[in-house]
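Visitor: I am new to this structure. Could you show it to me and take a few questions?

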Amino acid sequence: ALKRKITASASLFFGKQDTVSIYVNLTGGSDKNGYILSITANRKGIITFLENNFAHISLFSLLLLLISLLLGSIFSKYLVSPVTSLSEEASEIASGNFKHRFNLKRGDEIGLLADSLNIMADQIEKYIVETERRINTIETMNRIDKAVLSSISHNDLLKRVISIVVSLFEGDSIIMAVRNSHRAGFDLLS
């Protein structure tokens with residue numbers, strides 16, 4: 001009986017018996033002596049206790065239920081509110097506003113999630129900027145390629161390439177020159 005933590009003389013259902021004995025082993029791993037708590041429950045005693053204290057038990061149960069509901073409501077708002085906020089802010093990023101950041105400063109897992117989502121948004125924004133830069137470079141190369149393929153003469157080619165370069169840097173002064181190896185200098189193109 002000492003190896004099991006809880007034993008009983010019968011199941012907790014009384015059945016034909018009027019008394020049930022429950023034994024709880026309280027012996028610790030390092031104790032030299034064995035300690036057993038014996039609890040004896042009498043059917044008539046339990047029923048009498050419940051009948052005599054019905055109002056107190058009902059009031060205690062109702063109070064316990066109300067406290068549980070109140071605490072459940074408080075904890076659910078504490079947990080659900082920041083998750084709802086994260087969801088709304090994630091929708092902002094999902095709609096294409098990659099400059100938006102999560103402003104949730106908490107020291108728990110939800111705060112870590114917000115920080116991770118901010119890092120993810122930074123990475124996405126960097127990838128988009130890099131992709132746009134590459135697309136612009138490819139478009140410029142395609143325009144130059146078309147200019148080369150459609151040019152009739154060397155001068156026509158230079159004029160087309162110069163116009164493409166000038167269109168890329170609107171509002172800035174651009175000077176283009178080609179190295180002339182015969183004169184050991186440069187020829188100005190624009």
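Guide: The model is predicted, and the questions below go from the chain to its parts.

Visitor: In what order do the elements of the protein chain run from the N terminus on?
Guide: The protein chain has four helices and five strands. Taken from the N terminus on, they run β-β-β-α-α-α-α-β-β.

Visitor: What share of the residues in the protein chain is buried?
Guide: Buried means under 20% relative accessible area. The protein chain has 190 residues, and the buried part of them is 18%.

Visitor: How far apart are the end C-alpha atoms of helix α4?
Guide: Helix α4 covers residues 154–168, which is 15 residues. At 1.5 Å a residue, α4 should span 21 Å. The model agrees: the end C-alpha atoms are apart by 22 Å.

Visitor: Which residues of α4 are buried, and how wide an arc do they cover?
Guide: The buried residues of α4 are Val 161, Ile 162, Ile 164 and Val 165. They sit on the same side of α4, because around the axis they cover an arc of only 160 degrees.

Visitor: Which exposed residues does α4 carry on the face turned away from its buried side?
Guide: What covers the buried residues of α4 includes α3 (109–150). The face turned away from that buried side carries the exposed residues Asn 155 and Lys 159.

Visitor: Is Phe 75 buried or exposed?
Guide: Phe 75 is found in helix α2, residues 54–94. Together with Leu 63, Ile 67, Leu 70, Leu 71 and Ile 74, Phe 75 forms a nonpolar surface patch of about 590 Å² accessible area. Exposed means over 50%. Phe 75 has 54% relative accessibility, so it counts as exposed.

Terms used:
Residues numbered from 1 in each chain as written. Predicted model: local features only at pLDDT ≥ 70, side-chain atom pairs only at ≥ 80, totals over all residues. Heavy atoms only, no water. Helix = DSSP H or I, 4+ residues; strand = E, 2+ residues; numbered from the N terminus. Expected span 1.5 Å × (residues − 1). Buried < 20%, exposed > 50% of the residue type's maximum accessible area, 1.4 Å probe, protein only. Arc of directions from axis to C-beta. Contact = heavy atoms within 4.5 Å. Patch = residues over 30% accessible without salt bridge, like charges linked within 9 Å, V, L, I, M, F, W, Y side chains within 5 Å. Areas by Shrake-Rupley, 256 points an atom, 1.4 Å probe, with all protein chains shown as cover. Salt bridge = Lys/Arg side-chain N within 4 Å of Asp/Glu carboxyl O.
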